[in-house]
Every structure is written in C-alpha cells, then in structure tokens.
Amino acid sequence: MNEARTDLPQGTLDLLILKVVALEALHGYAIAQRLQKISRDVVQVQQGSLYPALHRLENRGLLTADWKLSDTGREAKFYRLTAKGRAQLGTEEANWRRLTEAIALILAAREAGA
Amino acid sequence: MMGVLGRLLRRRRLEVQLDAELRDHLERQTADYVRDGLSEAEARRRAQLELGGFEQVKEACRDARGTRLVEDLGQDLRYGARVLRKSPVFTLVAALSLALGIGANTAIFTLVDSLVLRALPVRNARQLVRLEGGSWTNPIWEQIRERQHGLFDGAMACSDTRFDLSPGGESEFVQGIWASGGFFDVLGVSAILGRTFTPEDDRRDGGPEGPVAVISYAFWQRRYGGAADAVGRALVLNGVPFTVIGVTPPGFFGTTVGRSYDVAAPIGMVDRLQHGGDSQLDGRSFWWLEIFARLKPGQTLEAATQALRGVQPQIREATKRETGRPEDQADFLRDGLTLAAAANGFSEVRGRYAKPLLTLMVVVGLVLLIACANLASLQVARANARRRELSARLALGASRSRLARQLLSENLLLAVPGALLGLAFARWGSRLLVGQISGPEALVFLDLSLHYRVLAFTLAVTIGTTLLFGIVPALRAGRVPPADAIKQQGAGLAGEGTGALGGPLVVIQVALSLVLLFGAGLFVRTFTRLAHLDLGLDDTPLLLVSLDAQRSVVPASGRAALYARAQEAVRALPGVAGAAVSAIAPLSGMGWKTRFQVKGRPKLANRESEAWVNAVTPGFFTAYGTPLLAGRDFDRRDGMGAQAVAIVNEAFVRRFLSAENALGRQLVRESEPGLTPPPAEIVGVAKDAVYRSPREPIPPTVYLSLAQMGPDMWPFASLTLRAATGSPALLAKAVTSELATVDPRLSLSFRLLSDDLRSSLMGERLLAMLSAFFGGLALLLAGMGLYGVTSYGVSRRRTEIGVRMALGAEASGVIRLVLGQAVRLVALGLVIGTGFSLWASRFVSTLLFGLEPYDPATLAGAAAVLTAISLVAAGLPARRASQIDPAQVLREG
C-alpha cells in the first residue's frame, strides 16, 4: 500500500487545503483526515507540513480561523475560507485543470505516436 | 504591514495557540489510534512520529507567520545581552575599543568633511569658479566687473580682513569681509533680515544710503542679542560709522573655509578706512582681492576660461603698472587668466591641514582595523569556547544561518553603543582639534554641526566594523558539525585546527601596528627637530604689540618717527628690559622680499639676488637675543639724511659675498626704475635668525634702519618688548595707556612670540601628538591580540604540553615551544609591515622635516618596540605553560 502512495506535487497542498475547507469550517486534524479520505489514501500528506501550510494561508488572508468548542469538549482552531481565499481557489482550480488537460494531451499524443 | 505589527504584538498569544492547536491534533490522532485498537502508549508514539518533531513543526509554523526576522532579532538581542553580561570584561574592552575607534574616525572625518569635502552653503555651489593665481588688484576686478554679464552669470570679489570696532587704544577686532556689490547675489545668499548689498552700495565712498554693512547671524546674536531692530543701527568700523542693513542666514560663514565672518563691508569703502597711504582701490600693485564667478547654466569651466582669455589683453593692458621693469610688464601681459572650480570655497587652512588630516584619517582607519582584528580573534576564541552551546542549539534544530544571525546581533549589541559613545567622543574630539589648530592670530573656524554625511559615515563604519569582526566567527560557527562538537570537549591535542585563524589576525595586527608606529616615529622626530632648531633668537618670552597706524592722522612720511616715539615711550616703563620696533615680526608669516646687489661683486641671477628685508630700530637684536657677529647695531646717527646703513645676516654674506668681509660694502636695493634708493653701507653682520617659518632654511636677510625708511614705511609695525622679570604679558596694560599718550588713534593688539612659534608648528605638533597616541593604542591592541591568541593556544595544548613535560621536557623547552610560535607570527608581521611602511611612507614625505621617508633608524626603532611588546605579550602565557603540572594534566586525561 505504501508503494502506491504518491508525494504531492509542489504547491498543490495549498490548493487541496483550500478545496477541503471550502465545504465547511474544519480544525487541523479534520483537514488532515479529510485530505487522506478524499484522496483515498493515494496522496501522502506529511502532517508536519500541513500546519505550516495552514498558517501560511492564514497569513496570506486566504483562510481565517476561529477558536470554537469542539466535540472533544476542548476549544479547537477551525479554519474557513475567506472571500479572497474563495477567489484564489477558483483561479487555482482553473489553472490546475488547464495544466492537467495539457499534460494529458501531451501524454496521449506520445502514446499515439509510439 | 499592520498585520505584521499586530502579529508581533500578539506574539505571546499566538505561541500559546500554536501549542494548543498541535496538542489538539496529537490528542485526536492518539484517540483515533486507540479506537483502532492500539495501546495508549503505542498510539501516542505513532501520532507523534507522524506529526514529526513537535518543536520543528512549531518552528516551521513560526516561519510561516512572516515576522520571523524581526522576532528573532528581538530574541537574539535579548539573548546576546545575557551572554555579554556574563563576560563583562570582554564586553567592556570590546565596546570601549570600538567607541575609541569609531569616535576617532568620526572626529577626523568631521574635520575632513567640513574642511575638504563640503560644498559652500550657497545656491548651486557647483557653478562657482575662482580666478586662480592668488589675489588680484582692484583695477583688474573693475575690468572683470564691467564685463561680468557677458562672460558669466555674474562675478564678485572679496577679501578677508578684520575690522576694529573700538574707538582707539586696544583694538576690538572682528572678522571682516570686503565684499563687492554682487557678493551675496552671485553666491545666492539672501538676508534673513533686511537686505544684502547692491552694486550701488559698492560705489566709492558709499552708496545712496552712505556706508552700509551686512552682518553674520552669529554676530547678530552676539552683539545685538538677535534684536529685530539691529537693521538700521550704526556700527563703527575702523572709526568710520556704518549702517547695518542686513543679517545673513546662520549657515553662511563666508567663502573662506576655516574662517567665519562677522561683518561685511563694500569694497568701495576701503580707502575711507585707511588714512594716508596709496589708494587700495587704484593701486595697480595692491594684490588683495579674491575673484569668483558663477558659470552660466550649461557653461563649462573651460568655456568660461576661454571667454575670459578672449578679453584678457584688454584687461591686462588697462591694469598694468605705469612703472616697472619691462620684463615684469611682459610677464604680466602674458600670464593667462585661469578659472578653477570653487564649489567648496577657498582656504589657506585647507592647504595647511588637508594633508595632515588625510594622513590622520588613514591612521585612525588602521587603528580601527586593528581593533576589529582584535575583536575578531576574541570572538573566534569565544566561539570555540561556546562550541558546546552552539552545537547543542544546532542539534535542537536551530539553522546555521540562525546561529550566524545570532552571533551578528551580539556584535551589533557591541557596535551600536560603541558608535553612540564614538559620536559623543567625536563631537568633543573634533572641537578639541579645531581648538588646537586655532592660533591667537588666526582663529580657525569650522562648521562642525552634525552633517548627514558624517552620520552616514559613522553608520557605514559601524556596520562595516560589525561585519568585519563578526562575520568570520559567525561563518565558522555555521560549520561546526554538531555531533563532533558535542563529543569533542575538554581535552584537545596538538594539531587541532580550530584556533588557526588567530595566527593570520595577529600577523595583520603586527603589520599594521608597525606601519602606525613607524609613522608616529617619523612625525614625532619631525616635530622634535623643528622644535629644537636653532632659530637664532633666545627663548625668553617676548611680548609682541602689533601697531596699526591706519587711522592715525600722521602722514606716511612721519610713520617712522611715530614708531620711534612709541619705542622710546615704552622703553621708559618700569619692568621693561628692552623694546624695539620692526616692520615685520619674525615668525608672523609676513614677509618682504627685494633684489639686492653688492657693489664690486658679480651680479647674481634674478632669483638668486632676492633677499628678505626687515626695517628695525636700534635695540632689535638685543631684544630678540640675536648676537651681532661683526660691526655694530643701528643707533641714533642712522636717521633720515645720514648715510644709509644696513645689517646683513650670515646667510647673506655666504650668498652675496662668498663669505668675504662684509663691513663697509655698498648694498644696492633694486626697486622700480627711477625710484632707486641710495646704496646702503653694511655696518654689521648678525647671526642667522628665523624670518618667516622654522621649516624653511634661514634665508639671506637684510635689516635696514627703520628711521631711514621715510615714506616707504607702511602703516603696520611690530613693537617687541622684553620684560625685566616675570611674564611680559603683564606689561600689556601699562603699554596700552603709555601708547595712548603717543597717538590715541594707534590700534594695538598683543600676543606672545611663543604663541606664534607654537602656531607655526601646530600642524606638525598635532600630527606628532595624535600619531603617537594612536601608535601607542595600536601597540596596546596588538599586544592584547597576541596575548589572547597565545594564551588560547596554551590552554588548548595543555594536554600536549603536560605529556611532553611528563616525558622529560624542560620548562625552558616549553617556553621555547610557545614563544617560537608567537615569534614566527610576529616576524612575519614585521616583514609584511616593513614592506607596507616603506611603500606608504612616500605619501607623507612632504610632511617630514630633516628626515627621509624611509628613515631606517625610525623603522628599526618601531620594529624594536613592537618586538619587545610582543615578547612580553607572548612571554606571560609561555611562562604559565612552563608551570603546567604534568601529573594534574595526566589525571584530567
């Protein structure tokens, strides 16, 4: 199973975080779990790099956070998307689509040619 | 930006939240694993493993916050302060040597800046040009004035002078400027109160408002307390009433750097302020004005010079002397007028002190370098001692750049107080220096207010210093492999490479110190030579009274008699042992030079036939203690109508008479054709005595009888008094009242001959004093550096030395071992320093007197002193090394 896991391409962690948080406000652990689930354990997210990424996005004003009482009875930090973050998500999604389509096209062409 | 600031202010809360967030993550992960069936302990371990190092993640999150650099700086500074507090001696030595180094550099730079670099505080100073070649006559200025608007964007003339504000008796001098009507307009200086001069004010004998004067801000404050109604008040200059019409801004001190002005008066008034004499306005051989012009926009210096040369024939033709030797006139017509840039004004003080100051700038720069080398080796030693601390921090996850930054901020902590202390020291020091070069006769004034350029210089020096002494240890700290450093503690065997940097630093220090010591030696010897020259006068204190007869009603033909009466009057005063009047006071810097010919001797070439002249009363040689070697002194017989007589000095006899007997020879003074004075008979030969400056060889000198000068005698003379007992300065009061009875309109000013001598050697004295001081400082620093490096080497090689001794090495052998290493470093430093000294000394050859720049004795002396200090500095740790107890070292093993 480990062999099947792929490292995230550079810069895509931010995009995934924005996407996950776009649906609802989540705390850090939930975001990590969600990422694992959504990617069906294919994409390996280093937990160590998740939190710095969250803080970076918060700093850039793409995410905002509130401390709320959570299911454990303790306060937890819940991240949610800001308007700026939503716009950024849109742009990055579009970019990503264009990129993957272009790469798919290139790959298809090579196979056809071979 | 506000975000960053906010985050900085909320830092503590953010830290708590970060901790809580990560802990929350761990709790949830652990709980999940426990639910999956893992044991509590195993679950916790897995969770932590997956998150990665708790502290590392925190660090990464802090990095993401974007306020890292600032936060770290604060942290580093706090930590640095703690570290520095723990080693107060190091901190004190470092901060003080930096303060001294930075302060000395700033002080000298302040002077260099205000004397050499700074542009005059006038409109667009770059356009200002000056007519080269000394001073000019008023007729020449008038010619240029008529043509100024065609040639330039305006021209002006001025001359430094002093005005006497007193009604008579002892003078009350203020610094003055004779200014043409366009002076202030061409400079672009406007009045802050009232107005400045117009061309009409500059008319001869005063303009429509009569004689008017413009005063400086400082004078306005001093004399009128800054009163608004100062404009319109009367001000008496040399006995003539003027009206104050304006005040100039506080930053304007005139065009002569090194001098400030109090009162400016129009050139057209000059003849009114002098009584009985040739017109200074019409005199075609009265060279007294500086001429400046402002270039037209876009006009180059060369173009302006060309334009001026175009009208030169007319200017020269209209201003040539009616009489005079034809070859002199031809020279006069041919001599091309040339303009030079004058953005930073003109200055005699600059000519005199620029080179010594630049030399001192280099000296203090080198001292700062030595201090840096010292601090660098101290830092390296400390960094080695702190390796465990640094490696521990590396192991705990600090990045290498972070460590380097921390060491640099420690250095900043040392350098910033050093710089602040240095600035304070510099303000005091530069004032002190200006006070030193200021003589009683020549008050030196420099604008020493903190200028942006000085501040920028200090800032640059501080940052440069910090980097210089801090960067190497910081880089090395980054290279320590943590595991190695933690393992490697205590012991230490030979061949360990970490202290190696101390060596090169010592070599550099020794080399630079040798350069400084050699320089100091040269300057000190120059000064001692000058101070112990045989000046041909005895060193009894003499009082000099400058007599100024410009305001006297006595006509030019009666001046010699007036001076003789003054001499007679003061000679009778109690306490006066001798008195004499001379046209020129020795060492005053004034001079009078003429061509001579001795009858019956071959005629000498033009330059060769020049000798310096003085006109003196009887008793002059006694008063100055200059012995007469042959013949007699002047006496009552040598007056008007009697046979003209002269006394010459030995140098004159050597040059003009090839050492033949001089007495009885006829001396012809060459003057303008038709005015040849009767030949004078040589009646005495005096011992060589100084004329203008102790630096020049004593020139051939002719003393004429003052009583025979007739109308040639000018309205200035010097009265010299020798006191019977005590200080001659005490005679001043009695002399003032006595001379008032001779002529109440005679202006007087007093000074001591020793002051003149002192100020004529001030440049040399200053250079000798300061270079000796800094040479000593360099020696001290180099000694400390060598001591530090050697001690450190001994402490590192303790084990090795202990083992050697256990194996039978003698104490003397150990001393040789330690000293040998130090001696090798010092020897290498001496060799490099010698090369550097010999190369550098060429640049100071003009500052030396009676010495060659490569003077071997001085160099050997400097090297000997440095070697002696080095032996002491390295000998102390060497002796300690020889006292190491082998048994103890082996037990420590």
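Analyst: Let's begin with a term: helices (H or I, at least four residues) and strands (E, at least two) are DSSP runs, numbered from the N terminus. By that rule, chain B holds 28 helices and 22 strands. Of the 893 residues in chain B, 52% are buried, where buried means under 20% relative accessible area, exposed over 50%, and partly exposed in between (1.4 Å probe, protein chains only).

A word on the model itself. This is a predicted model, in which local features need pLDDT of at least 70 and side-chain atom pairs count only at pLDDT 80 or more, while totals for chains, interfaces and linings use all residues. Residues are numbered from 1 along each chain as its sequence is written, chains are lettered from A and ligands numbered from 1 in the order in which they are written, and side-chain values use heavy atoms, with hydrogens and water left out.

How confident is the predictor? Its confidence in each residue, from 0 to 100, is called pLDDT; chain B has a mean of 84, and 91% of its residues reach 70 or more. The model scores ipTM 0.83 and pTM 0.70.

Now to the meeting place. With contact meaning heavy atoms within 4.5 Å, 21 residues from chain B and 19 residues from chain A take part. The size of an interface is often given as the accessible area lost when the parts come together. Here, about 1,700 Å² is buried between chain B and chain A, and carbon and sulfur atoms give 52% of that; buried area is the accessible area (1.4 Å probe) that two parts lose on being put together, summed over both. On the chain B side, B:Glu21, B:His25 and B:Arg28 lose the most area to chain A, together 38% of what that side buries.

B:Glu21 also forms a salt bridge with A:Lys77, whose closest N and O atoms are 3.9 Å apart. The rule (a side-chain nitrogen of Lys or Arg within 4 Å of a carboxyl oxygen of Asp or Glu) finds 3 salt bridges across this interface.

Which helices of chain B touch chain A? At least two residues each come from α2 (11–35), α3 (40–51) and α4 (54–64) of chain B, and α2(B) gives the most, with 11 residues.

Notes. pLDDT is the predictor's confidence in each residue, from 0 to 100.
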